[in-house]
Amino acid sequence: MNMTTIILWTIQILLVPALAPLFIGVTRKIKARLQNRRGASVLQPYSDVWKLLHKDEVISRDASWIFRAAPYLIFATTLVIGASIPLFSTALANSLTGDFLVVVYLVALGTFLLALAGIDAGSALGGFGSSREMFVAALTEGGLILSLLTLALIGKTTNLAGIATAIGSVSFTSFTPIILAFISFSVAMLAETCRYPFDNPATHLELTMIHEAMILEYSGKRLALMEWASANKFLIFIAIGANLFFPHGIADSLALGPVLLGLALFAVKALLFAAAIAVIESSTAKLRIFRLPDLLFTSFVLSVIALGLVNV
Amino acid sequence: MDTLTSPTLFCLALACFATGALGALLLGKKDTAANVVGSVLAIAGAAIALIFSGAVLLEGTTQSFAADTSFPLISLSFSVDRLAAFFVLVISAVALLTSIYALGYVRHYYGKYSIGVLGCFYNIFIASMILVVTAHNALFFLIVWEIMSLASYFLVIYERREAASIRAGSLYFIMTHAGTAFIITAFLLMFREAGSFDFDAIHTGLATASPMTQSAIFVTALIGFGAKAGIIPLHIWLPSAHPAAPSHVSALMSGVMIKTGIFMLIRITLGLLPEVHLWWGLTVLVVGAVSSLLGVLYALSEHDLKRLLAYHSIENIGIILLGLGSALVFSSAGMNTLAALGLAAALFHTMNHATFKALLFLGAGSVIGATHTRNIEKYGGLIRLMPQTALFFLIGSMAISALPPLNGFFSEWLTFQSLFQGVTGFDVVTKLIFILSIGALAFTGGLAAACFVKAFGITFLARPRSNAASQAKETSPLLRLAMAAFALLIVGLGLFSGMVTRVLGEVAGDMAGLESAATPGSTPAGSAQFTTVSLLNGFAEISMPAVFAGIVTAFAAAALVFFLLTRQRTQAVAATWDCGTDLTPRMEITATGFSRSIITVMQGLMRPGSETEIEYHDANRYFPKTGTVNMGLNDIYRSFIYRPLQVITTTIAGYMRKLQSGNIHAYILYIFLTLIGLLAWLNFQS
């Protein structure tokens, strides 16, 4: 553990929470431009969090300690995941929590707590939000795990950093399963991060909201934590998509040059992802909730085909 | 160490149960005394069995002892190898804690039902489970198996004034005996090959058996023991029988009794039969995948808390079978290291399921004791009235949903890793079955989480939905002690999963035919330390303590930073936003509503139905008085499997009845014809 390693680890751990609001801001900005609006500054989400931290808080009298503890726990899971995934250098591989199943199930832990918090205040909307969230989350699991498994089998390891290293040097013959798995993963990503066509991140309309319904009772610092955690989750899925499926350019050492290049390329790739999501959000309609399973099962089947094509 | 693994200790444990059974029965109607004697001796017996099995497991030498009887084919022979010791350990650990719970919980039955009978069957039940996994002679095994089935049957119908209990008991009685018929067939097939009922003799005798016979033994054993384990479609008794029993017995039945079926499947496929065929493993995988997925879907549609938990037992048996099935496939291909990994996963999940399912049933028992209903829709807000029960139930819920850092996550992780290995290196069909099994396990995890958000959220969160729920009180200290112990076990097994994996790796290695000369600190398929578990030459690595520490540290850091940032902010407690009307409990989401969307999506599988009844004020049906909607599932197993089976059986029985004319001449004719037939057959034979 020399000084460089400590600094780089600090960057790795803080990168996701530090940048996450920015990518939410960028996505919103691009969406606004596509709708011929000027849109708020890309830094607006930071200001939102800052504003909420300075507000007093109202807590429902029906809510229990779960409602109070959930925001911290959910935020904590995103911090752990952020530290466990490859961001800019595979040399920061972590064999302790870097297994892809750990990440997937830590995401599930956050979802579980979020859904409980949604029910806790006893509002009708929160309960329905939780029900819908678990509905989407449960059906997303198959496509998510199998798409990442495709990469794991190609890379011969279930460690995320190991996968990133291996996919970077993969031969052309393996591209078909990777592309199929990527399409499958993208669907899962949109579902997990509450984007179109699954959920509308900007709505507060009772009939359509999923994520927003669950956090409706939150205010003040806990709302700030919830919003921030959901931004973290957004960036985490972007990072997994960018660095696992397109790991080219990610640093494989802790030397200054590759790390700077890795950071820059990560920023570019993540911005491209955010832009793509913004375009999807502006060009598609939100699906009826009972049409969502079709999409999620498509994602699952694509992964099954991808796995079938893997030759090891 | 020698004294700890001696047969004397084992017999002492059995003697405790016997005394407990007898003592409770003799004390009869003296409720408190019968309960104390029955429970305390069960605690003592379980504690002794726990020490004995733990010592055998750590030492690793097989303990065999026998007592001959005057009957030629049966001897009371026991053999406690590491696999048996592991199961005794699980059984006695769960029994120890449920007995502590029983001390307090059985008070609910004082004056209503005979406590002596309960204590008697309870002790017999625990003892028979321990005997089942240690018996080393097929006939002796069948006898204790039957005792176990009967003891549990009497516990199921314990609340004998409830019609539902009796119905559930009868169904259980029929199903378990139909299963036993298949088990007897399996053992008779073995006897034909070996000429003996001793397990060692059977093992040698089967070495020369034809593949047909071996497969016949496998199929009959899978059906027979599968019925006890509760695989779909042989599960129909389970969701009605487990809830009918008193909660601490439900915990034992769901937590450990159904695992005896798993134990015997392992024993027969990997212990007695000489080799494993590929299609056996694939069959077990398919059965496991179907049971896990359908089990959790049925659980989602339940709003009876104990039935919901019972369906989750089916789901978890499915997950265990996924591990076992992969072990069988690898074993058939001669990949013993991978087989050991699959088996270790199955064993780990067996133990984990025993802990969290027992905890959840005990939690359910406490909730039911406080509210006097099993209907989830009548609960709500119990987290404020029963805070500790709620915490324990939450831990159980998170463990069963495979959420890190608890033990359920680790065993599912092992199962996943084992299944991953089947995707490569096999033919297309095997590969596809493995991929779909992984998919089933992935969906099962997500659906289980959804189901327990419902079970925990509707039961403990928001506002009380009935008077009973708003007047609930926290349960007595003994009940909470038992639940707290289980909760600690769950956290501990998660945290120390590395060490547990090492021990289970050795158990699995024995069964999978690995040399046990592996270096200390290594499992057959990698290395397992407290800090990290590494599998298959670094294919996968995990550190449960790091996951645990990571979450705790991140939580503490987030809490500290946000506390410092917002010190000056105030917190007001106010009503939930109510859209301008008064919020009533009826506006909260219901358990039925919560899961209805998933059920609707799966309607091809689940066959949901709803019955609408409307009562009218007037004959013209203009003014409805009350309306009832009954939403449930159509029981496809009854209508497509069991009903036709019943019709066929009764039809055949009807024809058979014509033979029974009651006329003595006819019977003499039958005897005469049979005699002629037998003589003719003998003539052809020679």
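Biologist: How many residues does the contact take from chain A, and how many from chain B?
Modeller: This is a predicted model, in which local features need pLDDT of at least 70, side-chain atom pairs count only at pLDDT 80 or more, and totals for chains, interfaces and linings use all residues. Residues are numbered from 1 along each chain as its sequence is written, while chains are lettered from A and ligands numbered from 1 in the order in which they are written. Two residues are in contact if their C-beta atoms, placed from the backbone, lie within 7 Å. The contact takes 69 residues from chain A and 68 residues from chain B.

Biologist: Which element gives the most to the side of chain A that touches chain B?
Modeller: Elements here are DSSP runs numbered from the N terminus: helices (H or I, at least four residues) and strands (E, at least two). Those that each supply at least two residues include strand S1 (57-60), helix H3 (65-84), helix H4 (100-120) and helix H5 (124-155) of chain A. With 16 residues, the top contributor is H5(A).

Biologist: How do the residues on that side of chain A divide into nonpolar, polar and charged?
Modeller: Ala, Val, Leu, Ile, Met, Phe, Trp, Tyr, Cys and Pro count as nonpolar, Asp, Glu, Lys and Arg as charged, and the others, Gly among them, as polar. The side of chain A that touches chain B then divides into 42 nonpolar, 16 polar and 11 charged.

Biologist: Which residue of S7(B) stands opposite A:Ile59?
Modeller: Two strands pair if DSSP finds at least two bridges between them. S1(A) and strand S7 (residues 571-574) of chain B meet that rule, running parallel over 4 bridges. Within this pairing, A:Ile59 faces B:Val573.

Biologist: H4(A) also supplies that side of chain A. How many of its 21 residues are buried?
Modeller: The expected span of a helix is 1.5 Å times one less than its number of residues. That rule gives 30 Å for H4(A), and its end C-alpha atoms are 30 Å apart, which agrees. A residue is buried if 20 or more other C-beta atoms lie within 10 Å of its own, exposed if 12 or fewer, and partly exposed in between, with C-beta atoms placed from the backbone. H4(A) is largely enclosed by the rest of the structure, because its buried count is 21 of 21.

Biologist: What is the count of buried residues in H25(B)?
Modeller: Helix H25 (residues 664-685) of chain B has 22 residues and reaches 32 Å, close to the 32 Å expected. H25(B) is hardly covered, with a buried count of 0.

Biologist: Why is A:Lys269 called buried?
Modeller: A:Lys269 is found in helix H10 (residues 256-283) of chain A. Beyond its neighbours within four places in sequence, A:Lys269 is in contact with A:Ala242 and A:Phe246. A:Lys269 counts as buried because the number of other C-beta atoms within 10 Å is 21.

Biologist: What radius of gyration does chain B have?
Modeller: The radius is taken over C-alpha atoms, and the globule rule is 2.2 Å times the number of residues to the power 0.38. For 686 residues, a compact globule would come near 26 Å; chain B agrees, at 27 Å.

Biologist: What share of the residues in chain B is buried?
Modeller: The secondary structure of chain B comes to 25 helices and 9 strands. Of the contacts in chain B with a separation of 6 or more, 77% join residues 24 or more positions apart. Among its 686 residues, the buried share is 56%.

Biologist: How far apart are the centres of domain 2 and domain 3 of chain B?
Modeller: Domain bounds come from an automatic or database domain assignment. The assignment for chain B includes domain 2 (601-634) and domain 3 (640-685). Taken over C-alpha atoms, the separation of their centres is 48 Å.

Biologist: Is B:Ala402 buried or exposed?
Modeller: B:Ala402 has a positive phi of about 60° although it is not a glycine. B:Ala402 sits in the loop between helix H15 (387-400) and helix H16 (407-420) of chain B. With 29 C-beta neighbours inside 10 Å, B:Ala402 is buried.

Biologist: And A:Asn36, buried or exposed?
Modeller: A:Asn36 has a positive phi of about 60° too, and is not a glycine. Its place is in the loop between helix H1 (3-34) and helix H2 (44-53) of chain A. With 7 other C-beta atoms within 10 Å, A:Asn36 is exposed.
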